[in-house]
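Hi there,

Here is the structure I promised to pass on to you. Have a look at it first, and then read on for what turned up.

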Amino acid sequence: MSDPVLAPGPRPFVLVTGLSGAGKASILRVLEDLGFETVDNPPLAILDSLVEDGTGPLAAGIDARTRGFEAAEVVAALRRLRDREGLAATLVFATAEEEVLLRRYTETRRRHPLAPGGPLGARVLDGIRMEGALLTPLRDAADLVLDTSVLPLPELRRLIEARFRPDDAPGLSLQIQSFAFPKGLPREADLVFDLRFLANPHYVPALKPLTGRDPAVGDYVAADPDFPAFWARLVGFIEPLLPRYVAEGKKYLTIAVGCTGGRHRSVFVAEKLAAHLRQQGWRADLAHRELGQTHDISAPVLAAPPQDAGTPESPLSSKKAAPSLSMPMSSKYPS
């Protein structure tokens, strides 16, 4: 079943907001790289004028520093923009956990806009909490909430590009992602499938250093007696959902498939599923979280080097651990 062909879409307008230090500026830079005209912190009074002046993709950053900022006014402005004919207005909200924001401000030594000292609050934590309460109506109204607590900048860029890159292929954009359960579920996942019941190549010495992108690993997993029935049910479950999502106006869907180590079974099934959906006419991007790979499924299949450390794919291991991705964010999410 193919994605329906639609007329050229309306002009994109992305309003970016969120907590200071959560990555708003980084999101605007990615949009600028995608060809959007970007404006950071315009006065609310001129927001409608900005939209009227021009025809290309437009993005604007709004936060507590914006002149005349009132969350209710921003929501009202967004409502007006969404009602405009020929304009597709999207609100993106960037957030992060308190301890992550505190660490970023400690590393950058920047002042929080709502914690300059004195009556507004002497501590960064005061500012973070004050801003969080102030922006709650915007988070509630957001079309897309991005939690950057454990999200590396390349992954943030991939998410923004997948959703806002100019593309003549309209309709639903799919992201197929492999991952390891012990390292936590992908936060952006809409559908999650557990593959830990399948035969595990990790325990075959010749296959252990390879990945699911290698034909030998794929042959081994596909030879599992239960794989054909599982595969038929998997695609039989997903395929009818996609046109229904399109009918409901959903633009982006992330399907995550996980195993224990995120290198063999999940990688193979993610590759196979992305290829299958492409053959059905859907636009599908592919990412392997534990391999650090994001690529088009038309790319050649290459073996990834063996990892010295990591969680082996044990069929008996099913304990869910918290996400383990962490990195200094000081220079990566300045605002």
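**Salt bridges, a helix and a cavity**

E161 is partly exposed, with a relative accessible area of 27% (buried means under 20% relative accessible area, exposed over 50%, and partly exposed in between, with a 1.4 Å probe and protein chains only). Before going further, a word on the model: it is predicted, so local features need pLDDT of at least 70 and side-chain atom pairs count only at pLDDT 80 or more, while totals for chains, interfaces and linings use all residues. Residues are numbered from 1 along each chain as its sequence is written, and side-chain values use heavy atoms, with hydrogens and water left out.

Back to E161, which forms a salt bridge with R157, the closest N and O atoms being 3.4 Å apart (a salt bridge is a side-chain nitrogen of Lys or Arg within 4 Å of a carboxyl oxygen of Asp or Glu). R157 is partly exposed too, at 29%. Both residues lie in helix α7, 4 residues apart, about one turn of the helix (helices are DSSP runs of H or I with at least four residues, strands are runs of E with at least two, and both are numbered from the N terminus). An α-helix has 3.6 residues a turn, so residues three or four places apart point the same way.

The salt bridge count comes to 17.

- D63 pairs with K24, with 3.4 Å between the closest N and O atoms. D63 sits in the loop between β3 (58-61) and α3 (71-82) and K24 in helix α1 (residues 24-33), so this bridge ties together parts that are 39 residues apart in sequence. Both D63 and K24 are buried.
- E52 pairs with R84, their closest N and O atoms being 3.0 Å apart. Here helix α2 (residues 47-52), which holds E52, is linked to the loop between α3 and β4 (87-95), which holds R84, across 32 residues. E52 is exposed, at 54% relative accessible area, whereas R84 is partly exposed at 28%. Both belong to a network of salt bridges that also takes in D48 and R80.

Next, helix α10 (residues 265-279). Its 15 residues reach 21 Å from the first C-alpha to the last, close to the 21 Å expected at 1.5 Å a residue (the expected span is 1.5 Å times one less than the number of residues). Of those 15 residues, 11 are buried, so α10 is largely enclosed by the rest of the structure. Among the buried ones are F268, E271 and H276. The side chain of E271 makes a polar contact of 2.8 Å with that of R213 (a pair of N or O atoms within 3.5 Å; within protein, one must be able to donate a hydrogen and the other to accept it, and residues adjacent in sequence count only if both atoms are side-chain atoms). R213 lies in the loop between β7 (191-194) and α8 (215-222) and is buried, at 7% relative accessibility. After α10 comes G281, whose phi is positive, near 100°.

Finally, there are 2 cavities of 30 Å³ or more (on a 1 Å grid over the protein atoms alone, a cavity is a set of points where a 1.4 Å probe fits but cannot get out, and lining residues have an atom within 4 Å of a point).

Best wishes

Note on methods: 1 Å grid on protein atoms, 1.4 Å probe; cavity = no way out; pocket = protein on both sides within 12 Å on 5 of 7 lines; lining within 4 Å. Points joined across faces, edges and corners; volume = space filled by probe spheres on them.
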